[in-house]
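Subject: Structure handover

Hello,

Here is the structure I promised to pass on. Please open it alongside this email, and my notes follow below.

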Amino acid sequence: MDALEREELFAFTVPVLRAWLAVGSGEGDPLAALEAASASPAAEAYAAEHRPMILLAARRPEADAAVLEAAGNAGPRSVRLRLAGAAALARAGERNRALALLEGDEAPLVAARRLIEARRPIPGAIADAQGGVAELLVRLALDMNAQELTPLAGDLGRLATYLEPHGSEALMVSAELLGQQGRQETAIALLSAVAADDPFAPAARDQRIRLLIDEGQDERALSEAEAAAHAPGATVADLVRFADVLMDQHRPADAARIFTRALELRGSEESSYPEWALWLFRGGAHDEAGDWPQARHALEEAYRLAPDQPLVLNYLGYAQLSRRENLAEAERLVREAHRLAPNNAAITDSLGWALFLKGEVPEGIALLEQAAEAEPADVEINEHLGDAYFTAGRRIEARFAWAAARVYAEGEAAARLDSKIQTGLTPQLAAR
């Protein structure tokens, strides 16, 4: 620690390190050690996350409020800090105080509440020097990676796993960084160390399956997702994960059946998935499978449950636009979606396409250009823009837009774009 202060580069970590040294050795006041962080904004940003945990370790009554305050300023790390605080309180027998930190519908918070209600411990408490320093290294790894210093970030994350071999956060962050370095097998092996009852276990399974898919191990990914979905005590999250893998492997009809099971199960468990989202997923699977009546039923049910959700409005509206049916209602739906989410490129594309189909070509082109500027690699948006350009007599620009769409297009869309680039737009070649 003295060397870090002398060399200055990581001096901002020293107040937190000295505080946890005081906790571990039982010598000195850890909170006084943290006060040195107030002289540096960088040091204080780290100290703010650790102060509540040290208050909990010292059994101070103001700890709970400090956890909530720190979590409110922690962005994506908010859930982790609340879980760590609740884990420490539950370990001390303070179940009601622990539950008060776990309000919310995020999946790890739901899982942690279940553990408390079953009178089981919550993994992830930060109660000793090893846990505190591991937490500091994880935060450092995330910040270094944000600065595109991935090799250094990977080393810091890996060090955290040596300090906390079963700490889910350290394992997941380290695995993510290893995956970015092309070391998927090592990353996959690390994730197997996350305990099955850890509140972050579903997220770790999602991450592991994504890494398997990235590695080209589709069958293994499917096998693991299926096993979790059929295991005793399988949750809605396990079923959704299995259905997602089926969708990735172009089996939408099978996925639709699994989403149906997820809806049935949701009625009997506390779930982080709102009901409207499961109906939306089911509708999307039926749509991909070519079963429009079932898709429309599911999408309309999602709309009934969540009439102000832009994703629902857009999907139901665009699905009708692509089939050239009920165009006035479809336009109304996508207009409302665009009002609620004006910066969403897919929704802007939908409204632009609706106006184009209505015959308002210049207005449609303006919106389609906005969407293409926001998502220049999107196949569907560029194809729509090309069709609109061609209709407006802008033939060269149309072929440029179609060529941009062709870069990432596959299957039927790729063949259609090839034909349009060669011969131009015909009714048979129009985008959906």
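The largest cavity has a volume of about 30 Å³. This is a predicted model. The count of cavities of 30 Å³ or more comes to one. R80, L83, P123, G124, S168, D198, P199 and F200 form the lining of the largest cavity. Sorted by class, that lining has four nonpolar, two polar and two charged residues.

The overall picture

The protein has 25 helices and zero strands. Its C-alpha atoms fill a box of roughly 80 × 50 × 40 Å along the principal axes. Of the 432 residues, 49% count as buried.

The largest pocket

The largest pocket has a volume of about 1200 Å³. It is lined by 34 residues, and the closest to its centre are D287, E288, Y315, E380 and R432. Which helix gives the largest share of the lining? That is α19, with six residues. At least two residues each come from α17, α19, α21 (345-358), α23 (379-391) and α25 (411-423). By class, the lining holds 16 nonpolar, seven polar and 11 charged residues.

Helix α17

Helix α17 deserves a look of its own. It covers residues 275-288. At 1.5 Å a residue, its 14 residues should span 20 Å. The end C-alpha atoms are 20 Å apart, so the two values agree.

Is α17 largely enclosed or largely open? Of its 14 residues, 11 are buried, so the rest of the structure largely encloses α17. The buried ones are W276, A277, L278, W279, L280, R282, G283, G284, A285, H286 and D287. They pack against α15 (236-248), α16 (252-266), α18 (292-305) and α19 (310-322). Just after the helix, G290 takes a positive phi of about 85°.

Aromatic pairs

A search of the whole structure finds six aromatic pairs. One of them joins F259 and F281: the ring centres are 5.6 Å apart and the planes are at 45°, so the pair is tilted. This pair links distant parts of the chain, with F259 in helix α16 and F281 in helix α17, 22 residues apart. How do the two residues stand on burial? F259 has 2% relative accessibility and counts as buried, because the cut-off for buried is under 20%. F281, at 28% relative accessibility, counts as partly exposed.

F281 also pairs with Y273. That pair is edge-to-face, at 6.3 Å centre to centre with 80° between the planes. Y273 has 23% relative accessibility and counts as partly exposed. Elsewhere, ring pairs link F10, F12 and Y46 into a cluster.

Helix α2

Now to helix α2, residues 14-25. At 1.5 Å a residue, its 12 residues should span 16 Å. Its end C-alpha atoms are 16 Å apart, which agrees. Which residues of α2 are buried? They are V14, P15, V16, L17, A19, W20 and A22. These buried residues pack against α1 (2-7), α3 (30-35), α4 (41-57) and α9 (129-146). G26 follows α2, and its phi is positive, near 75°.

A372 is found in helix α22, residues 361-374. Is A372 buried or exposed? Its relative accessible area is 11%, so A372 is buried. Set aside the neighbours within four places in sequence, and A372 is in contact with I381, N382 and L385. H384 lies 12 residues from A372 along the chain, and their C-alpha atoms are separated by 9.5 Å.

Where to begin

Then follow α17 and its packing against α15, α16, α18 and α19. After that, turn to the F259 and F281 rings, the tilted pair. Finish at the largest cavity, where R80 and F200 are among the lining residues.

Best wishes

Conventions
Residues are numbered from 1 along each chain as its sequence is written. This is a predicted model: local features need pLDDT of at least 70, side-chain atom pairs count only at pLDDT 80 or more; totals for chains, interfaces and linings use all residues. Side-chain values use heavy atoms; hydrogens and water are left out. Helices (H or I, at least four residues) and strands (E, at least two) are DSSP runs, numbered from the N terminus. The expected span of a helix is 1.5 Å times one less than its number of residues. Buried means under 20% relative accessible area, exposed over 50%, partly exposed in between (1.4 Å probe, protein chains only). Contact means heavy atoms within 4.5 Å. On a 1 Å grid over the protein atoms alone, a cavity is a set of points where a 1.4 Å probe fits but cannot get out, and a pocket is an open set with protein on both sides within 12 Å along at least five of seven lines; lining residues have an atom within 4 Å of a point. Grid points are joined across faces, edges and corners, and a volume is the space filled by probe spheres set on the points. Ala, Val, Leu, Ile, Met, Phe, Trp, Tyr, Cys and Pro count as nonpolar, Asp, Glu, Lys and Arg as charged, and the others, Gly among them, as polar. Rings of Phe, Tyr and Trp (its six-membered ring) pair if their centres lie within 6.5 Å; planes under 30 degrees apart count as stacked, over 60 as edge-to-face and the rest as tilted.
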